[in-house]
Amino acid sequence: VQLQASGGGLVQTGGSLRVSCAASGRTFSSSVLGWFRQAPGKKRDFVALISWGAGTTIYADSVKGRFTISRDKAENTVYLQMNSLKAEDTAVYYCAKGRYRSTESADYDIWGQGTQVTVSS
């Protein structure tokens, strides 16, 4: 399985952006897909995850109510819709595949290359 993240860009504070993570290779079946982000000089933080089968979602407190994770099984793609963006959301966003619902990056074994999201004030 390979993951390809896309859709990042520059947006103003309060704006919206959707990033995508397309998978090639095997389907996910029982996997979990997560989004993490890393700002310069900071550690990689959990943002959201979705279980591929049931669609169960978990969000970091910092994005709850503003971000929505979803998946399209037919397209083998996971999306992260980001609304009401803040300057502190600026980071490189990574998608990753794991085997169970975890907010720890160490529990994810396949990573996409990352896409830059910049929120300007």
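**Figure 1. Strands S3 and S8 pair in the antiparallel sense.** In this predicted model, strand S3 (residues 17-24) is joined to S8 by six bridges. Strands here are DSSP runs of E with at least two residues, and helices would be runs of H or I with at least four, numbered from the N terminus. Two strands count as paired if DSSP finds at least two bridges between them. Arginine 18 stands opposite glutamine 81 in S8, and alanine 22 has threonine 77 in S8 as its bridge partner. Strand S8 covers residues 77-82, and five of its six residues are buried. Buried means under 20% relative accessible area, exposed means over 50%, and partly exposed lies in between (1.4 Å probe, protein chains only).

The model is a prediction, so residues are read with limits: local features need pLDDT of at least 70, side-chain atom pairs count only at pLDDT 80 or more, and totals for chains, interfaces and linings use all residues. Residues are numbered from 1 along each chain as its sequence is written, and side-chain values use heavy atoms, with hydrogens and water left out.

**Figure 2. Strands S7 and S8 form a hairpin.** Strand S7 (residues 67-72) pairs with S8 in the antiparallel sense over six bridges. Threonine 68 stands opposite glutamine 81 in S8. Four residues lie between the two strands of the hairpin, and asparagine 76 takes a positive phi near 55°.

**Figure 3. Four strands make an open sheet.** Strands of a sheet pair through backbone hydrogen bonds, either parallel or antiparallel. In this sheet the order is S1-S3-S8-S7 and the pairing is antiparallel. S1 and S7 are the edge strands, each pairing on one side only. The twist averages 15° from one strand to the next, with axes taken as lines fitted to C-alpha atoms (for helices over the stretch in contact) and angles running from 0 to 180 degrees between N-to-C directions.

Figure 4. S1 is joined to S3 by five bridges, and the two strands run antiparallel. In S3, cysteine 21 is the bridge partner of alanine 5.

**Figure 5. Cysteine 21 and cysteine 95 form a disulfide.** A disulfide is a covalent bond between the sulfur atoms of two cysteines. The rule used here asks for a pair of cysteine sulfur atoms within 2.5 Å, and by this rule the count comes to one. The sulfur atoms of cysteine 21 and cysteine 95 are 2.1 Å apart. The torsion about their S-S bond is about 70°, so the disulfide is right-handed. Cysteine 21 lies in strand S3 and cysteine 95 in strand S9 (residues 91-98), so the pair ties together parts that are 74 residues apart in sequence. Both cysteines are buried.

**Figure 6. The largest nonpolar core has 33 residues.** A nonpolar core is a set of buried Ala, Val, Leu, Ile, Met, Phe, Trp, Tyr and Cys residues joined through side-chain atoms within 4.5 Å. Trp35, Leu80, Met82 and Tyr93 have the most contacts inside this core. The elements that give two or more residues to the core include strand S4 (32-38), strand S5 (45-51) and strand S11 (115-120). S5 gives the largest share, five residues.

**Figure 7. Arginine 66 forms a salt bridge with aspartate 89.** Side chains of opposite charge can pair when their charged atoms come close. A salt bridge is a side-chain nitrogen of Lys or Arg within 4 Å of a carboxyl oxygen of Asp or Glu. By this rule the count comes to five. The closest N and O atoms of arginine 66 and aspartate 89 are 2.8 Å apart. Arginine 66 lies in the loop between strand S6 (57-59) and S7, and aspartate 89 in the loop between S8 and S9, so the pair ties together parts that are 23 residues apart in sequence. Arginine 66 counts as buried at 11% relative accessibility, and aspartate 89 is buried with a relative accessible area of 1%.

**Figure 8. Lysine 97 forms a salt bridge with aspartate 109.** Their closest N and O atoms are 3.6 Å apart. Lysine 97 is in strand S9 and aspartate 109 in strand S10 (residues 108-111), 12 residues apart. Lysine 97 counts as buried at 10% relative accessibility, whereas aspartate 109 counts as partly exposed at 48%.
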